[in-house]
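Here's a quick briefing to read alongside the model. Take a look at the sequence and structure first, then go through the points below.

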Amino acid sequence: MLSMFQGLGQWAPLGLPAFLFVITVVIFFHELGHFLVARACGVKVETFSIGFGSKIFGWTDRHGTHWKVSWIPLGGYVKFLGDMDAASKPDRAKLDELPAEERKQIFAFKPLYQRALVVAAGPVANFLLAILIFAATFMISGRDLVAPVVDHVQAGSAAAAAGLQKGDVIRSINGEKITSFSDMQRIVSVSAGQDLTVIFVRNGQQHAVHATPKMTVLTDRFGGTEKLGALGIANYLGKGEITHVTYNPITALAAAWDQTWDIVGTTFSYLWQMVAGYQSADQLSGPIGIAKISGQVAQIGFMALINLAALISVSIGLVNLFPIPILDGGHLLYYACETVLGRPLGERAQDVGFRLGLAVVLGLMLLATWNDLSRLNLF
């Protein structure tokens with residue numbers, strides 16, 4: 001039993017409240033996106049829930065929507081008039097009984113484009129939340145950008161094999177412009193085993209080499225480990241190579257857009273590498289892992305925790321767009337089929353899809369939870 005608590009570490013006291021804060025903010029804005037667009041399209045919203053299971057507290061607004069917070073903080077939902085459950089499956093029997101006036105407020109009877117807008121609004125709200133958080137952070141604190149200058153090359157590393165040397169300035173990797181050391185880390189970290197074309201400047205002359213990052217186990221400041229691609233290059237931040245950049249509202253939004261897009265690109269790169277066999281699925285994290293990271297980040301400060309919320313918001317928005325029935329992307333997939341066929345998919349086909357989608361989502365959650373427990377050395 002003692003080893004279990006040792007595995008939880010110092011983050012545990014902050015982990016739960018920090019996790020609840022982060023996940024509640026992200027879920028609230030996701031569901032708020034669905035809610036606002038549904039209202040704009042004339043859909044009656046019966047329930048707006050943060051969490052699942054039994055209600056902790058709630059209230060009903062003047063439009064008849066019941067707002068509530070429930071005990072299981074692993075998601076949320078908006079339930080429309082005529083829905084059978086939180087997954088927005090229409091209750092066909094109930095729909096047939098409703099009077100004509102109420103049928104105008106039912107999501108399932110709205111035009112296809114309006115249904116698609118309502119469904120897409122959740123992920124879009126997550127992306128907008130991340131952009132606003134990043135933009136606010138950039139305007140308040142600015143950013144320290146570290147020049148992509150090589151200070152040290154590890155012996156036997158991919159960088160050494162490629163011939164990179166101290167003083168080289170990295171300009172691009174696989175055609176992507178490099179303006180800071182973090183740009184290089186972002187690309188390399190998800191490119192283990194892949195051949196990269198590195199353009200650099202040495203003594204005023206531009207050169208090109210090929211380098212293949214090696215999978216490396218790195219330890220963070222909290223003692224946690226992560227498997228990432230690495231070239232074996234270090235920058236010791238000497239020689240005045242740090243530039244502090246300040247932002248106005250316009251440049252902050254532009255930088256925030258780039259930051260959000262970089263997260264999306266990095267996520268897709270990881271998923272592609274996992275499918276291709278370059279990355280292992282053991283890097284996936286679930287609620288326990290997010291709680292651990294939240295507790296660790298909370299020790300740094302509130303602004304760091306807000307930025308974590310932005311990162312998770314992008315991830316939640318992206319995952320929800322995957323074409324898996326039960327997720328928002330699955331609904332959009334059904335609407336795409338409806339567009340092609342000229343009619344909705346049959347009730348039986350949709351039901352089978354939802355069951356398969358639920359199985360996939362539960363399977364991924366179990367895998368992520370297993371990974372989290374393994375990292376904590378709880379068994």
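Ser172 sits across from Lys177 in β6, and Ser172 itself belongs to strand β5. Strands here are DSSP runs of E with at least two residues, while helices are H or I runs with at least four residues, and both are numbered from the N terminus. Keep in mind that this is a predicted model, where local features need pLDDT of at least 70, side-chain atom pairs count only at pLDDT 80 or more, and totals for chains, interfaces and linings use all residues. Residues are numbered from 1 along each chain as its sequence is written, and side-chain values use heavy atoms, leaving out hydrogens and water.

- Ser172 counts as buried, because its relative accessibility is 13% (buried is under 20% relative accessible area, exposed over 50%, partly exposed in between, with a 1.4 Å probe and protein chains only).
- Leaving aside residues up to four places away in sequence, Ser172 touches Lys177, Ile178, Thr197, Val198 and Ile199; contact means heavy atoms within 4.5 Å.
- β5 (residues 169-173) and β6 run antiparallel and are joined by two bridges; strands pair if DSSP finds at least two bridges between them.
- The open sheet has four strands in the order β6-β5-β7-β8, paired antiparallel.
- β6 (176-177) and β8 (205-211) are the edge strands, each with a single partner, so one side of each has no neighbour in the sheet.
- Helix α7 (residues 181-189) packs on this sheet and touches β5, β6 and β7 (196-202), with its direction at about 45 degrees to that of β5. Axes are lines fitted to C-alpha atoms, for helices over the stretch in contact, and angles between N-to-C directions run from 0 to 180 degrees.

**Two helices in contact**

- The axes of α9 (residues 287-300) and α10 (residues 302-320) come within 8 Å and cross at roughly 150 degrees.
- On the α9 side, the contact residues include Ile290, Ile293 and Val297, and on the α10 side they include Leu305, Leu308 and Ile312.
- Sorted by type, the contact residues come out as nine nonpolar, one polar and no charged.

**Two exposed residues**

- Tyr236 is in the loop between β11 (233-234) and β12 (242-245), and it counts as exposed because its relative accessible area is 57%.
- Beyond residues up to four places away in sequence, Tyr236 touches Asp151 and His152.
- Leu132 is in helix α5 (residues 112-141) and is exposed at 54% relative accessibility.
- Leu132 and Ala256 are 124 residues apart in sequence, with their C-alpha atoms 7.4 Å apart.

Methods:
Ala, Val, Leu, Ile, Met, Phe, Trp, Tyr, Cys and Pro count as nonpolar, Asp, Glu, Lys and Arg as charged, and the others, Gly among them, as polar.
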